Amino acid sequence: MTNPQGRRHPTIRQAAVVGTGVIGRSWIRVFARAGCRTRVYDPNPSQVEKALAWLEEDLSLDVADGLISAKEAAEQRARVTAHKDLVEALDGAGYLQESGPEEIDLKKAVFLQLDRVAGTQTVIGSSTSGLDMTEIAQGLPGARRCIVAHPVNPPHVIPVVEVLGGEHTDLEVIAKTCEFMSSVGQKPVFLNSYVSGFLLNRMQAALIREAIDLVERGVADVKAVDTVICEGLGLRWALMGPFGVANTNADGGIREYFTRYREAYIEDMNDLGPTPSLDQAMIERLAQGTDAMFNGTSRSEIRRWRDRVLQKVCAVKQSDPSPQVIFARELRQF
Ligand code: NAD
């Protein structure tokens, strides 16, 4: 049995998912797909029911789309168990992924409880999109095993996970988390220190800020702005980030590219718009542009298409890896 990275086993065999909303339910698939026994808990039992129903439907759709076999779907399903009791859910878990609401006092209370209940060797990861683990784990006896593992929605489709510790997180826990995430098919990216929005949401905010400003000023409409990303920048960005792209945009690589275009970039950077107010009127204007762009297609249909195609894109990338990945693999053989 192999996971999406072609590795044989997850480095931790039993995982727990606490909080089974949009993100938690997707983590269930990540762990179960990789071969982990996956125990699931949510203080709201109807959320667990909803997550299990989603899991059932998502697996069936993947089978119907030919992404996995019926046997694989049954195996994934069989690895997942729901528990009404937190102590029972965490029993034997080597890794725990917390995906409760994004609210600092609640996260602190949840971590206090998880640290009390989880076995001393359990790594406690949080899906938080922007809270600081130093603050969440402040004063906890087990602060050393608390860590941020921030996914992108939905993590069973999009592999990157931002990993960062708090002030008291052990280096060993960081290494163990990165190793585990790789072994279940995710792509961990380590941050040396906390910054608001981490890497992903910070860069996304920079782009969205400019996108809104361009629409607000009437330079272009919603569809034009979106098209420039999905039919332009986004296509390259699925293969290489801004620096990798710069490196391939001039025969002399990134040195030549940034030297040659330095002034043009600085001029554009200085011309970028201010932070938009994003008031209700502007949100409505963006929403109308977006509604027109999707022309009545339901969001669930679009999401399903997104997830299906993204999984195919990931599979294509894996079947035709970048030369740098092949080079790294070859080096490992020596
Ligand atoms: P959600 O509202 O869909 O789900 C939250 C779940 O937490 C619910 O099922 C709720 O019943 C449960 N919950 C409530 N109180 C709890 C408690 N005390 N202990 C455990 N669970 C509790 O939220 P979501 O979108 O899944 O977000 C979960 C986390 O993931 C947040 O920290 C969020 O910032 C992060 N995140 C979200 C996204 C996204 O796009 N939705 C992306 C990346 C990270």
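Gln 97 touches Ala 16, Val 17, Val 18, Trp 27, Phe 31, Gly 125, Ser 126, Ser 127, Ala 149 and Met 181, leaving aside residues up to four places away in sequence (contact: heavy atoms within 4.5 Å). The model is predicted: local features need pLDDT of at least 70, side-chain atom pairs count only at pLDDT 80 or more, and totals for chains, interfaces and linings use all residues. Residues are numbered from 1 along each chain as its sequence is written, and side-chain values use heavy atoms, without hydrogens and water.

Gln 97 belongs to strand 4 (residues 95-98). Strands (E, at least two residues) and helices (H or I, at least four) are DSSP runs, numbered from the N terminus. Gln 97 counts as buried because its relative accessibility is 0% (buried: under 20%; exposed: over 50%; partly exposed: in between; 1.4 Å probe, protein chains only). Its side chain makes a polar contact with the side chain of Ser 127, at 2.9 Å. A polar contact is a pair of N or O atoms within 3.5 Å; within protein, one must be able to donate a hydrogen and the other to accept it, and residues adjacent in sequence count only if both atoms are side-chain atoms.

The ligand has 22 residues around it; Asp 42, Gln 47, Glu 102, Lys 107 and Ser 129 come nearest (a heavy atom within 4 Å). Helix 1 (22-34), helix 5 (104-117) and strand 6 (146-151) each supply at least two shell residues. A side-chain N or O atom of Glu 102 lies 2.7 Å from a ligand oxygen. A backbone N or O atom of Ile 23 is 2.9 Å from an oxygen atom of the ligand.
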